[in-house]
Amino acid sequence: MSNEIVDNARRQIEICNACRYCEGYCSVFPAITRHKTFSIADISQLANLCHNCRGCYYACQFTEPHEYAINLPRAFAQLRKSSWQQHAWPGFMAALFARNAIVVCVVLVLATAFLFALISNAAASSEAGFYAYLSHTAMVALFLPAFVLPCISVAISIKRYWHHVGGAPVKARHLHAAFSSVAKMKELDGGHGEGCNFEDTDRFSNSRRWFHQATMYGFLACFVATSLGTVYHYVLNDPAPYPLFSLPKLFGVAGGIALCIGTAGLLWLKTKSDDKPADQQSMAGEYAFTGLLFAVSATGLLLYAATDSAAVSWLLPLHLGTVLAFFLLLPYSKMVHGFYRLAALVRDAQLRG
């Protein structure tokens, strides 16, 4: 984390602490008022507590061309990216993704899709459904490490962050406060329930909040579908494919639709958003991550629609390639922001007592 980024953020935070006009906007500003001086750990915690609604930027009287040049959303965006790279494990992967996000995503998707196509052509299976193209054993062998290793990487990163910000042992009330905020996307309501100014400087809107919720709950529904499929296969001895009105299929299709709508909406909002409060160096990574998540959901829905058709032979490798790429890049893409913000909310609940 460069001294220049930290010093600039500290200068702006100290001015905000003196002004306090935005105190009711989100959790960041009450957290600022708890301090008189700000360590690197304090600044990192505030940056990850920020949900980038940008309401403070448009309300501030000290933005450019004022000499104070206050732009907390951009300063915090730069700090968040720096903190994710600082705590990431292994660190070189975070730096590689940050420099070449779109290229890394495209190359990894195409490479893994090609790998799946080769495996499918070389090892035909007598199993039913998609397993006729790629056996269940082969899928488990490829996806189990691709899921477990990123989870370990994220856990190490969050542990490092937690130690950095001085996190204490977590109590149930802290978790309840944090998860309640996440479930309702409370930090995107602008402090008054009318939403934020992310896509329109002149009015409040809940669009970003709704698209975030669709993305989050869609992803969780897809995860539940995969978990249920695992239970059906190993516990109930009921292997796929499953009918439409089975629990794995209902959660999977509903989650895929919600995820597709949510990510497409977030991409659309980014094209409408103001560049001034954004960290331009992070934009490629944000587009790459959101686009990859959209590709995962879109190819999954197309694959389901193409069941029993010839299109499965090329849609299946493409879909599995996007899924594998998503998991491999999870610790280094913006997906990790969800874990950091949850940790920041838990820490904030601790500091509030």
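Predicted model: local features only at pLDDT ≥ 70, side-chain atom pairs only at ≥ 80, totals over all residues.
Two or more lining residues are given by each of helix 8 (136–164), helix 10 (207–234), helix 11 (247–272), helix 12 (280–305) and helix 13 (312–329). Among these elements, helix 10 provides the largest share of the lining of the largest pocket, with 10 residues. When the lining residues of this pocket are sorted by class, 31 are nonpolar, 13 are polar and two are charged.

The second largest pocket holds about 1,000 Å³ of space. It is lined by 37 residues, of which Met 216, Phe 219, Met 335, Gly 338 and Phe 339 are the closest to its centre. At least two residues of this lining are supplied by each of helix 8, helix 9 (172–184), helix 10, helix 11, helix 12 and helix 14 (337–352). As in the largest pocket, where helix 10 gives the largest share of the lining, the largest share of the lining of the second largest pocket comes from helix 10, here with eight residues. The lining of the second largest pocket comprises 24 nonpolar, eight polar and five charged residues.

Two individual residues were examined in helices that also contribute to the lining of the second largest pocket, namely helix 11 and helix 14. Thr 271 is located in helix 11 and is classed as exposed, because its relative accessible area of 55% lies over the 50% cut-off. A polar atom of the side chain of Thr 271 lies 2.5 Å from the backbone oxygen of Trp 268.

His 337, by contrast, is placed in helix 14 and is classed as buried, because its relative accessible area of 14% is under the 20% cut-off. For His 337, a polar atom of the side chain is found 2.4 Å from the backbone oxygen of Lys 334. Thus the side chain of exposed Thr 271 is placed 2.5 Å from a backbone oxygen, that of Trp 268, while the side chain of buried His 337 is placed 2.4 Å from the backbone oxygen of Lys 334.

Technical notes. Residues numbered from 1 in each chain as written. Heavy atoms only, no water. Helix = DSSP H or I, 4+ residues; strand = E, 2+ residues; numbered from the N terminus. Nonpolar A, V, L, I, M, F, W, Y, C, P; charged D, E, K, R; others polar. 1 Å grid on protein atoms, 1.4 Å probe; cavity = no way out; pocket = protein on both sides within 12 Å on 5 of 7 lines; lining within 4 Å. Points joined across faces, edges and corners; volume = space filled by probe spheres on them. Buried < 20%, exposed > 50% of the residue type's maximum accessible area, 1.4 Å probe, protein only. Polar contact = N/O pair within 3.5 Å; in protein donor to acceptor, adjacent residues only side chain to side chain.
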